Each structure stands twice: as C-alpha cells, then as structure tokens.
Amino acid sequence: MGTKIITFGTFDVFHIGHIKILERAKSLGTHLTVGVSSDELNFRKKGRNPIYSQEDRAYIISSLRCVDDVFIEESLELKGEYIKKYNANILVMGNDWEGRFDIYKNLCDVIYLPRTPSISTTEIIEIARSITP
C-alpha cells in the first residue's frame, strides 16, 4: 500500500502554479486526493464567487494525470474528517498557509510547499479586469 496525499484548494482560473503544486504533492506519494472548495465555501473565504463553477473546477482537476481522486470541500472545519475519510498519510498545502494546519499532525504528516512565484488567480483576475474595455 502506497502513501496517500491529500490537498485542498479553489483552483479557479487554472494556471501553471496549480499544476506545479499538484505535481509536487503527488511526488510525495502514490495517490493524490484533491478537495476542491465548493462555490459557497469559496464565497465565505474570499468574499466573491469563483469564475468557474465547482463542477467545472473539479472536472479540470480530475483531468490531470497526477490526480487520482477529487471531491468537493464543503467546509474548512471538516479537513480532519476528510483526512480520515481518504486515509491520507500526508496533508500538503501551499506555504502561504504555513502553520495553519499543524493541528492535523496528530492525523498525518503536514507539509507546506512553496508556491510558484508571481502567479496567483487573484492577480490573473485583476489583470484581466484591467485590460477589459
């Protein structure tokens, strides 16, 4: 039995940074499960609706060869339950969340990976807005 990795994200306006962090997460084990934030959860977290629906974002993530399973994350408070449900050995998050998920170290290892510099969905959305006539 291999090492199971779990990670979470919104993955809106998909970009190279998303691919890189998912590939690095998968390289830590043999099975990668990704929790995609629901539209409602994204609104609660960021105060805006995602550009793409949760179904479209989950479909995009599920199409990647490094991803084995995808589910819709309904609540930030359920991360521990998701870790248990998917039998994850390692929780991987971007290092902008450094320390925030250490509470799950009793359930699995927690690893924070550096994000791809100068790329974020928020920046892409702002650039798109600024060039729209």
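Predicted model: local features only at pLDDT ≥ 70, side-chain atom pairs only at ≥ 80, totals over all residues.

The disulfide count is zero. A disulfide would require two cysteine sulfur atoms within 2.5 Å. Cys 66 is buried at 12% relative accessible area. Cys 108 is buried too, at 6%.

Helix α3 spans residues 54-62, and its buried residues are Gln 54, Arg 57, Ala 58 and Ile 61. They lie on the same side of α3, because their arc around the axis is only 100°. An α-helix has 3.6 residues a turn, so residues three or four places apart point the same way. The face turned away from the buried side of α3 carries exposed Glu 55 and Tyr 59. The packing partners of the buried α3 residues are α1 (16-26), β2 (31-37), α2 (39-46) and β3 (69-73).

The whole structure holds seven salt bridges. Three of them are listed here.

| Salt bridge | N to O distance |
|---|---|
| Arg 48 and Asp 12 | 4.0 Å |
| Asp 68 and Lys 26 | 2.9 Å |
| Arg 44 and Glu 40 | 2.9 Å |

Arg 48 and Asp 12 form a salt bridge. Arg 48 sits in the loop between α2 and α3, and Asp 12 in the loop between β1 (4-9) and α1, so the pair ties together parts 36 residues apart in sequence. Asp 12 is buried, at 3% relative accessibility.

Asp 68 pairs with Lys 26 in a salt bridge. Asp 68 belongs to the loop between α3 and β3, Lys 26 to helix α1, 42 residues apart. Asp 68 is partly exposed at 33%, whereas Lys 26 is buried at 18%.

Arg 44 and Glu 40 are four residues apart in helix α2, so about one helical turn separates them. Arg 44 is partly exposed at 47%; Glu 40 is exposed at 54%.

How values were computed
Residues numbered from 1 in each chain as written. Heavy atoms only, no water. Buried < 20%, exposed > 50% of the residue type's maximum accessible area, 1.4 Å probe, protein only. Helix = DSSP H or I, 4+ residues; strand = E, 2+ residues; numbered from the N terminus. Arc of directions from axis to C-beta. Contact = heavy atoms within 4.5 Å. Salt bridge = Lys/Arg side-chain N within 4 Å of Asp/Glu carboxyl O.
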